[in-house]
Amino acid sequence: HEPVATVEPQSNNRRLVLFPLPFQGHINPMLQLANILHTKGFKIIIIHTDFNSPNQSNYPQFTFVSISAGLSKSKDGSLNLDTSNYVINFLNKSCIEPFTVCMAKLLELEPVTCLISDAIWHFTQSVADSLKLKRIVLRTSSMSCIPVYAAFVLGEKSYFKTTIKEELELMTEKDIEEIHKDRSEKGNKELILYVSFGSIAQMSEAEFSDMAWGLANSKQRFLWVVRPGSIYGSQWLESLPKGFMEEVGERGRIVKWAPQQEVLAHQAIGCFWTHNGWNSTLESICEGVPMICSPCSYDQPINARYVTDVWKIGAMLDEEMNWEQTGIAIKKVITGKEGSEMRQRSKSLQEKVNKSMQKGGSAYQSLENLVDYILSI
Ligand code: UDP
């Protein structure tokens, strides 16, 4: 008897539809996943909203389809949005119809193997069900947030109760191995602090002013991203304290946006003052850069707790700190013994992450499993 021929499922004629949430911290990981799946032979269609559309010129290999987000612009062309939570709730209603119509049209043309949507697009499961389409969600925050949220929301009923208890105990462990390798003063002088609070966070004028004086007081060189509109009541730098620029002189640069991953990969970067969005945290780890943590909301306090208390590759800035104390804390991470130890640990964590992405590593294997799963649909 001839064995029954098994036909290997071919990925190169399979189409996947990906639907990112329109915020930078959600668009970036979705497009990175799209890139990986494209190298595995899948055809990629990105459905995106006309609000915060991704830059298509960087991705000629994908097909982009735009749907209306239903957000109207004010006279000066800017969108009047109170908070990102408000926008997310709004979009989860306004996008139902355009997304459903768009998906149905795509299905009329050619089969689609599955939909990969951001987990925060809550409405997409019922659309996928109605079109008899499999849906996979991409969560863009860290895994540890799932048990933490579940413990908060469900309390005693939470399935994850024990896990979170163990994790919190882990966070207060003080017995991590001390790695001590002094860096020369000369080396430290070359390092720059990179400062950015992601693509959404906003702050008051007083917080902005404290940040500025903290930076000035640290006496370190810095590159600071201040997004236009990120300080309440200001277009851009109007609320920068008087005398700040004169004080820092050539030591500091302020920009509206920076190619963050490239900046973090630069050898001159000695530390990242971050709000600990999950992408920023991962990007810093991938480049072996220690962090100064100022978490704002969402998953950021959890990420910052891991950075400071579990991996010990960063220092938490206390909300109570005045700008003088902030300046001292920054200086310590860049030039102090504690900072150089953090830098050593960051480098060894970076190596672990790199290994996990190589053949046989955990991240590599997870992606292989994902591809196998999609091919089995
Ligand atoms: N980002 C960037 N340049 C900037 C600020 C942010 O490229 O000047 C990118 C950053 O690399 C990251 C994303 O925007 O990939 C921000 O995502 P994160 O999860 O850190 O924070 P969020 O914006 O969601 O609060």
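Reply: Tyrosine 232 lies in the loop between β7 (221-225) and α9 (244-248), where helices (H or I, at least four residues) and strands (E, at least two) are DSSP runs, numbered from the N terminus. This is a predicted model, in which local features need pLDDT of at least 70 and side-chain atom pairs count only at pLDDT 80 or more, while totals for chains, interfaces and linings use all residues. Residues are numbered from 1 along each chain as its sequence is written.

Me: Why is tyrosine 232 called partly exposed?

Reply: A residue is buried if 20 or more other C-beta atoms lie within 10 Å of its own, exposed if 12 or fewer, and partly exposed in between, with C-beta atoms placed from the backbone. Tyrosine 232 has 13 other C-beta atoms within 10 Å, and is therefore partly exposed.

Me: Which residues does tyrosine 232 touch, not counting those up to four places away in sequence?

Reply: Tyrosine 232 touches Gln202, Ser204 and Glu205, contact being defined by C-beta atoms, placed from the backbone, that lie within 7 Å. Cysteine 293, by comparison, is 61 residues from tyrosine 232 in sequence and 21 Å from it in space, C-alpha to C-alpha.

Me: What makes α8 and α13 oblique to each other?

Reply: The axes of α8 (residues 205-218) and α13 (residues 323-335) come within 7 Å and cross at roughly 50°; axes are lines fitted to C-alpha atoms, for helices over the stretch in contact, and angles run from 0 to 180 degrees between N-to-C directions. Angles under 35 degrees count as roughly parallel, over 145 as roughly antiparallel, 65 to 115 as roughly perpendicular and the rest as oblique, so α8 and α13 are oblique. The contact is made by Asp210, Trp213, Gly214, Asn217 and Ser218 of α8, together with Trp323, Glu324, Thr326, Gly327, Ile330 and Lys331 of α13.

Me: How is the contact of α8 with α13 divided by class?

Reply: There are three nonpolar, five polar and three charged residues in the contact of α8 with α13, where Ala, Val, Leu, Ile, Met, Phe, Trp, Tyr, Cys and Pro count as nonpolar, Asp, Glu, Lys and Arg as charged, and the others, Gly among them, as polar.

Me: Which element gives the largest share of the shell around the ligand?

Reply: That element is α11, with four residues. By class, the shell holds eight nonpolar, 11 polar and one charged residues.

Me: What share of the protein chain is buried?

Reply: Buried residues make up 32% of the 377 residues in the protein chain, whose secondary structure comes to 15 helices and 11 strands.

Note on methods:
Two residues are in contact if their C-beta atoms, placed from the backbone, lie within 7 Å.
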